[in-house]
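Please consult the sequence and the structure shown here while reading.

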Amino acid sequence: RFDAAIEALEKGQAVDLSGLPSSPGKGAGVGSAAVNKPPSEHIEASQPATEAPGPAAPSAPTDVLEALEQRRVKYVEASNQAKASGDDRKARMHDRIAKQYHSAIRAHKAGKPVNFDELPVPPGFPPIPGQKAADAERGFIATLEAASKLASPDAPDVGDEEDDEEKEEESKVAVPEKPKKPTLDVPTTGPEQKRSPSASPGSTSPKESPSPTAVQLLELLESRKKQYMKAALQAKQKNDMEQAKVFLRTAKGLDPMIEAARSGKTVDISTLPSPPGDEEDDFILVHHSDVQVSEKAEQVYTQLSTILKEQHEKCLTYSEQFTHLGNVSETTRFEKMAESCKKSMEVLKLAQSRGLPPPKHHFEERSLRTVRIFPELSSTDMVVIIVKGMNLPAPSGIQPNDLDAYIKFDFPYPSAEQPQRHKTNVIKNTNSPDYNQSFTLSITRNHRGFKRVVTSKGLKLELLHKGGFLRSDKPIGSALVKLDKLESQSEIREIVE
């Protein structure tokens with residue numbers, strides 16, 4: 001019977017612990033054994049992510065208030081039991097949770113919203129009315145984290161198991177983006193202890209007035225963490241524990257950034273990991289028999305697939321650029337568009353593989369404000385690209401089709417006496433050569449000398465015809481590319497005479 005319960009837990013299904021037999025030779029249930037036994041005797045597999053505060057679960061509550069009160073009473077009992085057995089650490093932890101439930105009850109009575117995801121769930125307790133989906137997701141994530149800890153090569157020794165139990169309880173109740181949990185094993189000094197009991201809305205509301213940007217940043221970070229947690233769950237379901245642990249580690253690595261965003265500190269989102277790779281989405285497909293996809297339908301599929309792929313790539317490009325600029329709202333916006341395109345592509349691919357007619361679709365035109373940046377360049381790089389020449393004049397005595405032209409230029413920085421010099425390859429026998437050559441110049445963007453070159457001097461290009469044996473190169477002409485627009489733009493494209 002225990003094997004069946006463990007298997008159900010690993011699959012993320014709800015398990016009624018009250019139906020399991022009590023410990024051999026004792027009258028207490030599984031729940032009380034998990035609390036009253038020391039950690040070295042605690043069987044983690046039976047309850048991977050919670051510490052049971054009491055022996056038995058009450059009947060299903062009729063409303064939210066009754067559910068909250070039942071749980072508060074349970075944690076008060078657990079605190080008293082821990083005090084009686086001399087375990088002050090667990091007593092303090094359960095006491096904090098009881099206070100958290102007390103604050104939630106007051107908020108609910110006052111008609112204020114309550115974040116049920118932050119409230120720990122005693123094992124075997126029925127879900128709060130209207131919160132079944134959240135409970136299932138919590139159990140799923142807790143199962144994964146417990147399995148990852150059991151499978152990790154650097155598992156902690158027995159002395160650290162008490163800390164691990166509380167961290168597992170945190171993962172159960174966190175869902176999984178709430179780093180501030182009362183179930184954390186907090187040291188008795190420092191600001192963390194003061195923050196834990198302050199779950200009452202009255203004490204937090206005057207302190208928390210985040211700006212819209214901060215809220216958007218927090219949403220982006222929490223959304224990214226959810227994506228990695230989901231990817232870890234999917235990897236675990238495929239029995240790929242190594243990949244699951246990698247995703248889980250990445251998700252946990254976002255906790256410091258989320259904590260910093262919560263406390264109003266600056267977060268560099270350019271260090272944010274990209275979303276995990278292809279995630280499996282669930283689709284419900286209607287199967288039609290004897291459906292032949294016509295040639296026209298194939299063309300529609302090809303056209304839609306191409307358009308969606310282009311849109312997806314474009315959205316990802318803009319998302320990366322706004323990430324580089326630190327613009328959270330635009331990054332989030334383009335990420336959502338990219339995700340939408342990706343889901344549409346999956347629907348299209350699956351519908352085509354099932355032989356269904358093309359899904360209903362329509363076209364919209366949207367004007368989006370974007371940026372043009374070059375994240376691959378450092379702040380000390382400037383790239384000059386010589387694209388091509390068009391109808392270049394040939395020097396006297398040379399036919400246009402015999403022109404062997406090349407371009408050289410001087411960039412008078414750091415000084416006119418020490419300019420940076422470059423030249424293109426020679427393109428022979430044409431007066432319309434294609435060069436497509438790029439040259440990287442070293443600059444210091446805020447240096448006065450560089451600003452002077454940009455505003456007043458520019459880039460001087462010289463066009464020459466390559467001389468033959470014992471013949472010198474013949475100058476044809478010169479041109480000046482003005483660079484003053486670089487003060488406000490990242491790119492200049494000029495055609496000069």
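Helices H3 and H4 are roughly antiparallel to each other (an angle over 145 degrees; under 35 degrees is roughly parallel, 65 to 115 roughly perpendicular and the rest oblique). The model is predicted: local features need a pLDDT of at least 70, side-chain atom pairs count only at pLDDT 80 or more, and totals for chains, interfaces and linings use all residues. Residues are numbered from 1 along each chain as its sequence is written, and side-chain values use heavy atoms, with hydrogens and water left out. Helices (H or I, at least four residues) and strands (E, at least two) are DSSP runs numbered from the N terminus.

**Two helix pairs**

Two packed helices are described by the angle between their axes and the distance between the axes. Here the axes are lines fitted to C-alpha atoms, for helices over the stretch in contact, and the angles run from 0 to 180 degrees between N-to-C directions.

| Helix pair | Axis angle | Axis distance |
|---|---|---|
| H3 (residues 64-84) and H4 (residues 88-109) | about 160° | 8 Å |
| H9 (residues 212-237) and H10 (residues 241-253) | roughly 165° | within 8 Å |

Contact means heavy atoms within 4.5 Å. Residues of H3 that meet H4 include Leu65, Leu68, Tyr75 and Val76, and their counterparts in H4 include Ile97, Ala98, Tyr101 and Ile105. By class, the H3 and H4 contact comprises 13 nonpolar, four polar and seven charged residues. In this classification, Ala, Val, Leu, Ile, Met, Phe, Trp, Tyr, Cys and Pro count as nonpolar, Asp, Glu, Lys and Arg as charged, and the others, Gly among them, as polar.

H9 and H10 are likewise roughly antiparallel to each other, and their crossing is left-handed. Among the residues of H9 in this contact are Tyr228, Met229 and Ala232, while H10 contributes, among others, Met241, Phe247 and Leu248. The contact of H9 with H10 has ten nonpolar, two polar and two charged residues.

**Buried residues**

Buried means under 20% relative accessible area, exposed over 50% and partly exposed in between (1.4 Å probe, protein chains only). In helix H11 (residues 255-262), the buried residues are Asp255, Met257, Ile258, Ala260 and Ala261. These buried residues of H11 pack against H9 and H10. Just after H11, Gly264 adopts a positive phi of about 85°.

Arg224 lies in helix H9 and is buried, with a relative accessible area of 2%. Not counting residues up to four places away in sequence, Arg224 touches Leu254, Leu272, Pro273, Ser274, Pro275 and Glu335. Gln70, located in H3, counts as buried because its relative accessibility is 17%.

**The whole chain and its confidence**

The protein chain has 14 helices and six strands. Of its 497 residues, 39% count as buried.

The pLDDT, which is the predictor's confidence in each residue from 0 to 100, averages 75 over the protein chain, and 73% of the residues score at least 70. Confidence is lowest in helix H2 (residues 30-36), at a mean of 40, and highest in strand E1 (residues 381-388), at 92. Over residues 27-54 the pLDDT is below 50, and this stretch has 67 contacts in the model beyond near neighbours in sequence. The pLDDT is also below 50 over residues 153-207, a stretch with 104 contacts beyond near neighbours in sequence.

Technical notes:
Left-handed = near helix turned anticlockwise from the far one by under 90°.
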